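Have the sequence and the 3D view open side by side. The paragraphs below walk through them piece by piece.

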Amino acid sequence: MDFTLKIWRQENARSKGKFESYNITGISSDTSFLEMLDILNEQLVAEERETITFDHDCREGICGMCSLFINGRPHGPDDDVTTCQLHMRKFKNNDTIYIEPWRSAAFPVIRDLMVDRNAFDKILQAGGFTSVGTGGVPDGNAILVPRDDAEKAMDAAACIGCGACVAACKNGSAMLFVSAKVSHLALLPQGKAEASRRVKSMVAKMDELGFGNCTNTGACEVECPKNISISNIARMNREYYCAKLKD
Amino acid sequence: MSNIFSASIGQKLIMSISGLFLVIFLLVHLTVNSLLLANDGMMFNVAAHFMATNPVIRIIEPLLAIGFIIHIFYASLLTLMNMRARPVKYYKVNQKESSTWASRNMYILGAVILIFLVIHIANFYWKLKFGEMPTVNYGNGKIDDTYSLVSGLFIRWWWFDLLYMAGAVFLGLHLTHAFWSLFQTLGWNNDIWRHRLEIIGTVYAYIIAIGFSVIPLYFLISGQSN
C-alpha cells in the first residue's frame, strides 16, 4: 500500500509548527500505524534527515502512551483501539493521511507529535489515590462490594490516561478522564472515605491546568479507546455537588 | 458551598439550572400560545390577561429575565474559556461520527435564538407593556386585545410567519441537546437514564419546535384564504 502522509512538525512548545508531506510506499496492510511511522523514520535516517518524534510504549493498547490525531480523529478511524492497535488496512491505498498531535493548552507540544501529558499526572497527584495502604488481598467476603459497583468501578478503572478524550473534545475538556478516576475510587469502600476531598481537589486542579468545560457533546466517550462512559461525568457532578454542599 | 460557582462544574450547574427554568417557561409559553388557535381569540385574551395580572406570574417575570441573562452570560464565559483551552486548532477535524451538530454548535444556536428573542420582544412584549393596546370586553370589564395584536402581525406580514417558524426550528435544535444535557450536568443521569432523557428531550424539542411553528403557519394559511 502507498500513502501520502501530512505530518505536523514542530521544533518545541514555543515554535510554530507546520505540516510536512512524506510519501511512503510498499506498506503491508497488516502493518500497524506506528510500525508504518517506524518504517518512515528508518527511511529518514537513511536519508540523514530529522526523524519524526511520536509517543509510544507497550504497543499492545494498555499503557496509554501512544496518541496521534489521525484524519481528524484521536487514535484514527478504528473504534475502541489506540493508535498502536490501528492497522493500515483501515485506510485505502493512496490515501492522504493527516497526522497531528493532541491539541490542548494543557498538553504543550514537546516535539512534532509528542505532547506533554503531565497535566494528567498532576490531577492524579491532587487526589486520585487512597492515602492509606489497604493491605494485602482481603478475605473475599470481609468487605461486601455489590457486583454492579465492582463492575462500574472496573469499567472506570480501564482508563489508560491517553488523553484522547481531551483531544476529541471540542472544548479540550478533561472531564471524562477525571470522572473515570473519581468514579473508580468513589464506587469502592476503600475509596469512599476520601471521596469528597478527592473530587474537590481533582476538579480544582483540572480547572487550574487550563482544560476546557464539558458541554456534553459525548465525543469523548465515542473516541475513548477504553469505552469509558460519560455516565462517569454525571457521577462526578453528583459527587462534586454533594462534597461542596458539606463545606 | 464555598467557591462552588467559580469552579467549572459550578458554572455549568448555573447553566443547567437556568436552562431548566427556561425549559419549563417554554412549556407554559406554548400552552398559553396554543389558545391562539381557538379562533375567536377570547380564550387567548383571557389567558394573556391572567398572565399579565396574576401576582405569582408578576414575580416570576423578572426572574425569567434574570434567568435569560444568567444563561447567556455564563454561556459566553464558558465558551470563551473553552476557546482558550485549545489555542492552536486542528487542521483536520472529523466529529460527525462522535457527536451531533447541535451539541457542537449550542452557542451559535443560542446566538441565533437571542436575535430572534430581541425581535420577538420588540414585536409583542414591548407593545403590550408600553404601547397603546386595543381593548375588548367579555363581560368582566375591559382587557387588552392581545389576540388582535398577534393575529394582526401574523396575518399582515407573511415573512414574520416565516421568521417565527425559523425561530422555532432553531430553538428546537438547541433543545435537542439542551434537555438531556442539563440533567447530565445536574448529575441526574446514568447509563439507563441517558436513553430515557434523550428520548424525552427529543420529544420535548419536537413539541416546542412544531408547536411554535404551527401558530404562525395557521395564521399564514388563514390569512391567505381571507
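What share of the contacts in chain A with a separation of 6 or more comes from residues 24 or more positions apart? The share is 68%. Two residues are in contact if their C-beta atoms, placed from the backbone, lie within 7 Å.

A word on the source. This is a predicted model, in which local features need pLDDT of at least 70, side-chain atom pairs count only at pLDDT 80 or more, and totals for chains, interfaces and linings use all residues. Residues are numbered from 1 along each chain as its sequence is written, while chains are lettered from A and ligands numbered from 1 in the order in which they are written.

Start with chain A as a whole. Its C-alpha atoms fill a box of roughly 60 × 40 × 30 Å along the principal axes. Chain A holds nine helices and seven strands. Both kinds of element are DSSP runs numbered from the N terminus: helices are H or I with at least four residues, strands are E with at least two. Of the 247 residues of chain A, 45% count as buried. Buried means that 20 or more other C-beta atoms lie within 10 Å of the residue's own; exposed means 12 or fewer, and partly exposed lies in between, with C-beta atoms placed from the backbone.

Chain A splits into domain 1 (3–110) and domain 2 (117–246). These bounds come from an automatic or database domain assignment. The centres of the two domains, taken over C-alpha atoms, are 29 Å apart. Domain 1 of chain A gives 18 residues to the contact, and domain 2 of chain A gives 17. On the domain 1 side, nine of the residues are nonpolar, six are polar and three are charged. Here Ala, Val, Leu, Ile, Met, Phe, Trp, Tyr, Cys and Pro count as nonpolar, Asp, Glu, Lys and Arg as charged, and the others, Gly among them, as polar.

Now find the sheet in chain A. Five strands form an open, mixed sheet in the order β2-β1-β5-β3-β4. β2 (18–24) and β4 (73–74) of chain A each have a single partner strand, so one side of each has no neighbour in the sheet. Strands pair if DSSP finds at least two bridges between them.

Follow the sheet across. β1 (residues 3–9) of chain A runs antiparallel to β2(A), with seven bridges between them. Within that pair, F3(A) faces I24(A). On to the next pairing: β1(A) and β5 (residues 96–100) of chain A are parallel and share four bridges. L5(A) stands opposite I97(A) of β5(A). I7(A) has I99(A) as its bridge partner. I99(A) is also the bridge partner of I70(A). β3(A) and β5(A) run antiparallel, joined by two bridges.

Next, a helix of chain A. α5 (residues 175–186) of chain A has 12 residues and should span 16 Å at 1.5 Å a residue; its end C-alpha atoms are 16 Å apart, which agrees. The expected span is 1.5 Å times one less than the number of residues.

Move to chain B. The 29 residues of α7 (residues 158–186) of chain B should span 42 Å, and the end C-alpha atoms are 41 Å apart, which agrees. α7(B) has a kink of about 35° centred on L175(B). The bend at a residue is the angle between axes fitted to the seven residues ending there and the seven starting there. Just after α7(B), G187(B) has a positive phi of about 90°.

Look also at A48(B), in helix α2 (residues 42–53) of chain B. A48(B) counts as buried because it has 24 C-beta neighbours inside 10 Å. Leaving aside neighbours within four places in sequence, A48(B) is in contact with D144(B) and T146(B).

Finish where the chains meet. Here 37 residues of chain B are in contact with 40 residues of chain A. On the chain B side, the elements giving two or more residues are α1 (8–33), α3 (55–84), α4 (101–104), α7 and α8 (191–225). That side divides into 14 nonpolar, 14 polar and nine charged residues.
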